[in-house]
Amino acid sequence: MLRRTLASAAYSRVRTATTLAAGFPRVSKKLPTKYGGVYTVTLIPGDGIGEEITDSVKEIFEHVNAPIEWEQYNVSGVSSQGESLFREAMESLKRNRVGLKGILFTPISQTGHISWNVAMRQQLDIYASVVLCKSLPGFPTRHKDVDFAIIRENTEGEYSGLEHQSYPGVVESLKVSTRAKADRIVRLAFDFALKNNRKKVTCVHKANIMKLGDGLFLNTFRQVAEEYKDSGLIFNDMIVDNTSMQLVARPQQFDVMVMPNLYGAIVSNIGAALVGGPGIVPGCNVGREYALFEPGCRHVAKDIMGTNRANPAAMILSSTMMLRHLGLDSIADSIASATLGVINRGEIRTADMGGSASTSDFTAEIIKNL
């Protein structure tokens, strides 16, 4: 069950659903775990600033008496020592079907473990990453009126994890592309556009060079797009390097963007920078059975860990997307409106937004406005 997510009354006047009020296609009839009117949700704070910003969510939820019970697992990607705890967290996610998580650190070293972020997506088949990039009136950036959604295939491509050294000094890394997975992510993008009153879907690719791999993704997009012709949606495609230039030059041309895995990682970082940084961009990962909500721009931010300086807005807004997924729309509305109100008034700002407020100050101001 993938419901409409984050909502803001301030933006609903502009259109029925904005990037901060996103609707997902309903693809599963199985319900999240619920006992006595309370939903059990798996919580994985993550590394870096994860514990601080998830504490903000817990404090706000407690204040509004949200019917959420947390199963918390302090998994860390800093070392492979916590593999058993990671497995426990995965069992919890499979049981509860819904989770909220921070970002887990992934080591670059060859001797380091695989990315547990990627492992979660692949093992749970949460195949769609949705990142929401929208200009906020009270936090002006170089570009105005930015409002687009990035829908990224989450389980294959360059993130397949299939690489080996065939000869000393020669490494082969396999990019896996399948028609079935391209088809389902493209259909989700078109359905997302329809449910959110969007006008255009853009496919991002590199089919001019990777003619088979990205060619398959592009051709699948074009075939599916033909089925949506009568819906009134506009569709086009764009090479990923040109997309990067167009994003920083004229981002207003984009509405819904769908793309393979690696390009989504790059484009989501560009999108976050356009609207004010990773601290205000919410996101989630969804599949047929499970939904995992996390900040849209995947940064651990170890440099400010433990300093009480992190911006919790992205995590808070992601948690309201989770509430909407659970059907708790009124609570989601209240928290989202309070959070966006604090940002738009501009009186309490964390360091990343040009202010000096602490994580605690920002959280307290949201609670004061609930």
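## A walk through the model

Let's start with a single side chain: Lys 175 has a relative accessibility of 24%, so this lysine counts as partly exposed. Keep in mind that we are looking at a predicted model. What does Lys 175 form with Glu 158? The two make a salt bridge, and their closest N and O atoms are 3.1 Å apart. Lys 175 belongs to strand β8 (residues 170-176) and Glu 158 to strand β7 (residues 157-167), so the bridge links distant parts of the chain, 17 residues apart. Glu 158 is partly exposed too, with a relative accessible area of 27%.

How far can we trust the picture? The mean pLDDT of the protein is 89, and 89% of its residues reach 70 or more. Residues 1-21 are another story: there the pLDDT is below 50, although this stretch has 83 contacts in the model beyond near neighbours in sequence.

Back to the charges. How many salt bridges does the structure hold? There are 20. In one of them, the side chains of Glu 294 and Lys 101 meet at 2.8 Å, N to O. Glu 294 sits in strand β13 (residues 291-295) and Lys 101 in strand β4 (residues 98-101), so this bridge ties together parts that are 193 residues apart in sequence. Are these two buried or exposed? Glu 294 is buried, and Lys 101 is buried as well.

Now look at Glu 226 and Lys 229, whose side chains also meet in a salt bridge, at 3.3 Å from N to O. Glu 226 has a relative accessible area of 43%, so it is partly exposed. Lys 229 is partly exposed as well, at 47% relative accessibility. Elsewhere, salt bridges with shared partners join Lys 134, Asp 147, Arg 198 and Asp 255 into one network.

Next, the nonpolar side of things. In soluble globular proteins, nonpolar side chains tend to be buried together. Here, the largest nonpolar core has 87 residues, and those with the most contacts inside it include Ile 68, Phe 148, Phe 190 and Met 257. Which helix gives the most to this core? That is helix α5 (residues 179-195), with 8 residues. Zoom in on Ile 68: leaving aside its neighbours within four places in sequence, Ile 68 is in contact with residues including Val 38, Phe 61, Leu 323 and Leu 328.

Rings come next, and the structure holds 4 aromatic pairs. Why does the pair of Phe 190 and Tyr 228 count as stacked? Their ring centres are 4.8 Å apart and their planes meet at 20°, and planes under 30 degrees apart count as stacked. Phe 190 is in helix α5, while Tyr 228 is in the loop between α6 (213-227) and β10 (234-239), 38 residues apart. Both Phe 190 and Tyr 228 are buried. Ring pairs also bring in Phe 221 and Phe 235, linking them with Phe 190 and Tyr 228 into a cluster.

Charges can meet rings, too. The charged end of Lys 302 sits over the ring of Phe 105, 4.4 Å from its centre. Likewise, Arg 152 lies over the face of Tyr 159, at 5.1 Å from the ring centre.

Our last stop is helix α11 (residues 359-368), whose buried residues include Phe 362, Ile 366 and Ile 367. What do the buried residues of α11 pack against? Their partners are α2 (50-63), α9 (313-325) and α10 (329-345).

Note on methods. Residues are numbered from 1 along each chain as its sequence is written. This is a predicted model: local features need pLDDT of at least 70, side-chain atom pairs count only at pLDDT 80 or more; totals for chains, interfaces and linings use all residues. Side-chain values use heavy atoms; hydrogens and water are left out. Buried means under 20% relative accessible area, exposed over 50%, partly exposed in between (1.4 Å probe, protein chains only). Helices (H or I, at least four residues) and strands (E, at least two) are DSSP runs, numbered from the N terminus. Contact means heavy atoms within 4.5 Å. A nonpolar core is a set of buried Ala, Val, Leu, Ile, Met, Phe, Trp, Tyr and Cys residues joined through side-chain atoms within 4.5 Å. pLDDT is the predictor's confidence in each residue, from 0 to 100. Rings of Phe, Tyr and Trp (its six-membered ring) pair if their centres lie within 6.5 Å; planes under 30 degrees apart count as stacked, over 60 as edge-to-face and the rest as tilted. A charge sits over a ring if NZ of Lys or CZ of Arg is within 6 Å of the ring centre and within 35 degrees of the ring normal. A salt bridge is a side-chain nitrogen of Lys or Arg within 4 Å of a carboxyl oxygen of Asp or Glu.
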